[in-house]
Amino acid sequence: MEFGVDEAGKGPVLGSMFVAAVRADPDRLPADVGDSKGIDAQRRQELAASIREVATAEVVEIPVERIDDPDTDMNSLTVAGHGEALAGVVEEGLSGYADAGDTNAVRFERRVAGELECSVDLRAEHGADEQYPIVGAASILAKVARERHVDQLAAEYGAVGSGYPSDPTTREFLESFVREHGELPDCARACWQTSQDVLQALDQASLSDF
């Protein structure tokens, strides 16, 4: 029995980040569990259901309100999210892996371990979701939760794209919303540079009207 933890949605300008932790016997996980980004959406959903049948899982949502809090930052929120998710699955002395959410993997594992009330053997590595099936399982659950969240945003706002700044549909949504309403939608991370750029463009357009 071991545990794994990973996040999805750290970089988008729209919506929440999700962190998933899984405790299971790795031998009982589906054979094609791996990095969620390399699995198509339909298969991810199927795998998520299979993972939950053989694992104890916890998924934590880090909403926009927490992300925009000026007293924190994404690295700290990623650590906190990993700790909150792991708290729902770990036991004293259990061993497991995290996909490092920091350029310094050792620093990340120490910070996450420091969030837990029990003592565990945690190792954080870059690319852990590709190397360890237990982390791949967590990656899939986090990604599926994030995708469900984006679907809910689309149901509320219309076409929002993936939520990532590089997505033209996402940028078009932000720009049109701000033009129409004069402010960002509640689902936008106001502290993101993309959001600031859209607001600045609106201000410049308003000045040019004079």
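Me: Which residues does Glu7 touch, not counting residues up to four places away in sequence?

Reply: The model is predicted, so local features need pLDDT of at least 70. Contact means heavy atoms within 4.5 Å. On that basis Glu7 touches Met17, Phe18, Val19, Thr78, His82 and Ala142. Glu7 itself sits in strand β1, residues 2-8.

Me: What lies 3.4 Å from a polar atom of the Glu7 side chain?

Reply: The backbone nitrogen of Lys10 does.

Me: Where is Asp99 placed?

Reply: Asp99 belongs to strand β4, residues 95-99.

Me: Now helix pairs. At what angle do the axes of α3 and α4 cross?

Reply: Take distance and angle together. The axes of α3 (residues 74-87) and α4 (residues 105-113) come within 8 Å and cross at roughly 50°. Angles under 35 degrees count as roughly parallel, and 65 to 115 as roughly perpendicular. α3 and α4 are therefore oblique to each other. Their crossing is right-handed.

Me: Which residues make that contact?

Reply: From α3 come Asn75, Ser76, Thr78, Val79, His82, Gly83 and Leu86. From α4 come Phe108, Arg111 and Val112. By class, the contact has 4 nonpolar, 5 polar and 1 charged residues.

Me: How do the axes of α1 and α6 cross?

Reply: Apply the reading again. The axes of α1 (residues 41-54) and α6 (residues 133-157) come within 9 Å and cross at roughly 120°. α1 and α6 are therefore oblique to each other. This crossing is left-handed.

Me: What makes the contact between α1 and α6?

Reply: α1 supplies Ala41, Arg44, Gln45, Leu47, Ala48, Ile51 and Arg52. α6 supplies Ala137, Ile140, Leu141, Lys143, Val144 and Glu147. By class, that contact has 8 nonpolar, 1 polar and 4 charged residues.

Definitions and conventions. Residues numbered from 1 in each chain as written. Predicted model: local features only at pLDDT ≥ 70, side-chain atom pairs only at ≥ 80, totals over all residues. Heavy atoms only, no water. Axes fitted to C-alpha atoms, helices over the stretch in contact; angles between N-to-C directions. Helix = DSSP H or I, 4+ residues; strand = E, 2+ residues; numbered from the N terminus. Parallel < 35°, antiparallel > 145°, perpendicular 65-115°, else oblique. Left-handed = near helix turned anticlockwise from the far one by under 90°. Nonpolar A, V, L, I, M, F, W, Y, C, P; charged D, E, K, R; others polar. Polar contact = N/O pair within 3.5 Å; in protein donor to acceptor, adjacent residues only side chain to side chain.
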